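Q: Could we go through this model together? I would like to begin with the contact between the chains and then turn to single residues.

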Amino acid sequence: MLEAAMQRLLLTLGIVALLAPALHAQGNYEIQVYGADTEPPKSLMVELHSNFTPNGQKHIIDGVYPTNHQEHETLELTEGLTDWSEIGFYVFTSEQDGHGVQWVGDHIRPRVRVPDSWHWPVGVSLSTEVGYQRAVYSPDTWTWEIRPIVDKAVGRWYFAVNPALERTFHGPDVKQGVGFAPGAKIGYDFTKVVSGGLEYYADYGSITAPDTLHNQQQQIFLVTDLNVSPKWEINVGVGVGPTASTDHWIVKGILGRHFSWGKQSQTD
Amino acid sequence: MDTPHCYRQAVVTRRSILKISAMALASSALPRAVLPQTPADYTLEIAPTTHDISAKHSIKTTAYNGQIPGPLLRFREGKPVTIDVANRTASEEIVHWHGLFLPPDVDGAMEEGTPMIPPGGQNSKAARYIFTPNPAGFRWYHTHTFAGDDLKKGQYSGQHGFLFVEPAQNPARYDQEIFLALHDWDGEMTGSGDGSMNPEYRFSTINGKTLGFGEPLRVQSGQRILLHILNSSPTEQHWLALPGHQFQVIALDGNPVPTPQLVPMLRLAPAERVCAVVEMNNPGVWILGEVRKHIQAAGMGIVVEYANRTTPPTWQQPEKLLWSYAQFAAKTSQPAANNAIEIPLVFESKFVGHGAPDHWTINGKSWPNVESPLLQAGQRYRLLFKNPSSDDHPVHLHRHSFELRSLPGFPNIHGIQKDVVLVDAKSETHVEFTANHRGATLFHCHQQNHMDEGFMMLFRYA
């Protein structure tokens with residue numbers, strides 16, 4: 001019964017996505033709602049985020065390239081430090097007719113989580129991310145983010161929220177102060193391998209003086225996660241931006257692979 | 001052979017004992033055990049307790065007589081015993097006498113028909129178990145309740161204790177006898193990479209203490225130490241080694257093995273027991289500990305100290321895990337064909353979401369909606385354990401023992417009698433037993449989370 005309800009909900013939201021209005025400028029390099037788990041020590045997660053904007057901003061605004069038909073490839077490397085901490089590193093690139101393949105910027109992202117031994121009823125971690133992106137791709141060149149992460153799996157259902165706070169150190173949004181950019185995910189396990197769900201991303205602007213709805217960025221993605229192997233991570237989705245400041249259509253994919261090293265003894 | 005003479009368990013209040021005893025005087029058919037002038041041979045009290053497992057950590061749990069493990073019960077083979085069990089907890093309890101050939105109404109499994117012991121306070125109802133212990137050997141007793149999501153209940157708690165049935169004739173040669181129980185504590189259900197969920201534990205102990213806490217095992221050079229080791233862990237297998245020494249394994253699950261062997265380490269699946277003699281011929285101070293580093297770091301170890309030796313304890317890390325049941329099998333020729341009736345039992349999991357533990361099935365069905373094969377008394381049966389799942393399963397047959405007949409890589413063995421066998425993931429194991437103890441007979445995986453999720457079935461006698 002729940003399964004049928006979930007299928008109807010996903011279908012409805014998919015139709016809503018198809019009917020959504022046209023949008024304005026936005027850059028998308030890593031589109032992901034974080035789960036609370038961290039990468040185990042002595043292992044590396046290599047992820048490739050591939051995001052294409054079939055229908056986005058078509059004009060150069062304040063020197064920023066339009067997002068329409070931009071293909072973003074982001075390499076994310078995440079190294080486990082301890083049972084409760086990791087550090088991630090990003091390389092952002094963009095490919096677009098007339099501009100070719102361009103390096104966009106880099107970020108670094110340390111993260112800690114609440115250890116299992118604390119017996120919290122939900123998974124909790126805290127990520128912080130700082131980095132640079134070129135002005136032709138983002139008017140705010142130096143940014144910082146702190147992202148609390150809470151998640152919970154209950155039976156076939158999965159819930160995650162990322163109420164992130166952002167701060168710009170260089171660029172037009174310096175005046176904005178702290179911005180609020182939450183993300184959330186709800187997923188459902190149709191089988192052991194196939195999960196489906198919705199992901200929500202937003203940028204409301206300043207936390208003290210939120211933007212008008214017109215200027216807010218909001219996206220809803222219909223996604224599927226394929227749990228084909230403990231070593232692999234596969235996430236595919238299509239998203240729509242229902243506000244004027246958001247790209248109309250975005251297609252995203254994440255392909256990740258865990259690598260472990262060090263002598264793995266039977267007796268470790 | 002049928003089950004030895006036993007009485008049905010009686011659940012009585014202390015007040016009702018007087019009433020019942022008066023009735024008993026009038027009726028010789030009632031068990032004399034309820035007479036107040038015949039106190040029980042043993043008394044167990046199930047009650048909440050706080051137990052120090054190290055200088056820094058204590059565990060709030062439930063235990064027998066406030067101690068972990070519970071008191072050692074030593075019985076004489078064939079001599080009836082009476083045990084009163086009082087339940088001071090807030091929930092129903094039951095005590096299973098693991099490895100004994102008892103009737104279903106005292107064996108200690110509700111599914112077979114043993115009554116649960118009602119919850120209560122200081123004046124609560126007590127249960128009286130009366131039975132004739134058989135067979136001789138190293139057995140144990142433990143709770144047999146459902147735990148589910150509560151990783152403080154059932155076998156996750158401290159409700160376990162040693163039970164030793166002395167043989168009528170005991171030819172064993174040893175200078176000191178030591179009982180050790182391996183246990184894991186403070187579990188957290190976590191998802192694994194393959195999508196299933198299993199507990200992970202914060203602490204692991206020997207006799208309720210982490211390594212370095214509590215008294216060492218004190219030995220003397222030249223002694224023969226007989227170790228009786230029990231894995232009472234709710235879910236985990238354990239490997240044990242004692243650097244500088246070897247274990248002469250003489251019995252598995254309390255039953256003498258046909259071919260005793262010297263081995264460098266022991267493996268015990270949940271509910272398994274190993275009896276091994278160690279020649280103390282390497283004076284020093286050593287760690288008898290879990291071979292896997294992260295489990296020993298969680299506390300599973302105990303110091304073995306020779307007399308007049310005071311050096312820091314020594315541990316030498318093995319690089320491999322070594323164990324095979326087959327090395328203890330009979331070396332003699334195979335027994336003649338016995339026309340055993342084959343019963344295939346297929347163990348599989350059923351996915352119910354990444355946020356829930358898998359359900360377990362035997363031949364596609366989960367407890368209580370399961371098959372109940374009908375056994376003919378005196379008939380030999382061959383159970384074909386087929387485990388295509390990704391988990392190992394320590395399966396246990398109540399009220400009987402079985403003979404290992406086929407293991408991965410050893411398709412034709414005989415002579416090893418057990419009541420628990422670890423069926424490796426993606427493998428097949430065959431055992432045989434003779435249906436010689438009438439009554440409902442429970443069969444299940446001894447991992448608490450697996451039996452809670454349906455991995456149980458009953459055999460019934462025709």
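The conversation below takes up the interface, then the strands and some individual residues.

Q: What kind of model is this, and how are residues and chains labelled?
A: This is a predicted model, in which local features need pLDDT of at least 70, side-chain atom pairs count only at pLDDT 80 or more, and totals for chains, interfaces and linings use all residues. Residues are numbered from 1 along each chain as its sequence is written, chains are lettered from A and ligands numbered from 1 in the order in which they are written, and side-chain values use heavy atoms, with hydrogens and water left out.

Q: How many salt bridges cross the interface?
A: The rule finds two salt bridges between chain B and chain A, a salt bridge being a side-chain nitrogen of Lys or Arg within 4 Å of a carboxyl oxygen of Asp or Glu. Asp268(A) forms a salt bridge with Lys293(B), with the closest N and O atoms 3.1 Å apart.

Q: How many residue pairs are in polar contact there?
A: Twelve residue pairs, both residues at pLDDT 80 or more, are in polar contact across the interface of chain B and chain A. A polar contact is a pair of N or O atoms within 3.5 Å; within protein, one must be able to donate a hydrogen and the other to accept it, and residues adjacent in sequence count only if both atoms are side-chain atoms.

Q: Is E10(B) mostly covered or mostly open, then, and what does it pair with?
A: E10(B) is mostly covered, with twelve of its 16 residues buried; buried means under 20% relative accessible area, exposed over 50%, and partly exposed in between (1.4 Å probe, protein chains only). Seven bridges join E10(B) to strand E13 (residues 224–231) of chain B, and these two run parallel. Nine bridges join E10(B) to strand E11 (residues 197–206) of chain B, in the antiparallel sense. Strands pair if DSSP finds at least two bridges between them.

Q: Which residues stand opposite each other in those pairs?
A: Glu177(B) has Leu226(B) in E13(B) as its bridge partner, and Leu182(B) stands opposite Ile206(B) in E11(B).

Q: Changing topic: where is His238(B), and is it buried or exposed?
A: His238(B) is found in strand E14 (residues 238–241) of chain B, and it is buried, with a relative accessible area of 0%. The side chains of His238(B) and Glu290(B) are joined by a polar contact of 2.8 Å. Leaving out residues up to four places away in sequence, His238(B) touches several others, including Leu182(B), Asp184(B) and Met300(B).

Q: Which residues are joined by cis peptide bonds?
A: One such bond joins Ile68(B) and Pro69(B), with omega about -5°. Another joins Trp367(B) and Pro368(B), with omega about 10°. Pro69(B) is in the loop between strand E3 (58–64) and strand E4 (70–76) of chain B, whereas Pro368(B) is in the loop between strand E22 (359–362) and strand E23 (374–375) of that chain.

Q: What is the phi of His69(A)?
A: Phi of His69(A) is near 65°, a positive value in a residue other than glycine. His69(A) is partly exposed, with a relative accessible area of 44%.

Q: Lastly, how many helices and strands are in chain B?
A: Chain B has four helices and 31 strands, and buried residues make up 60% of its 462 residues.

Conventions:
Contact = heavy atoms within 4.5 Å.
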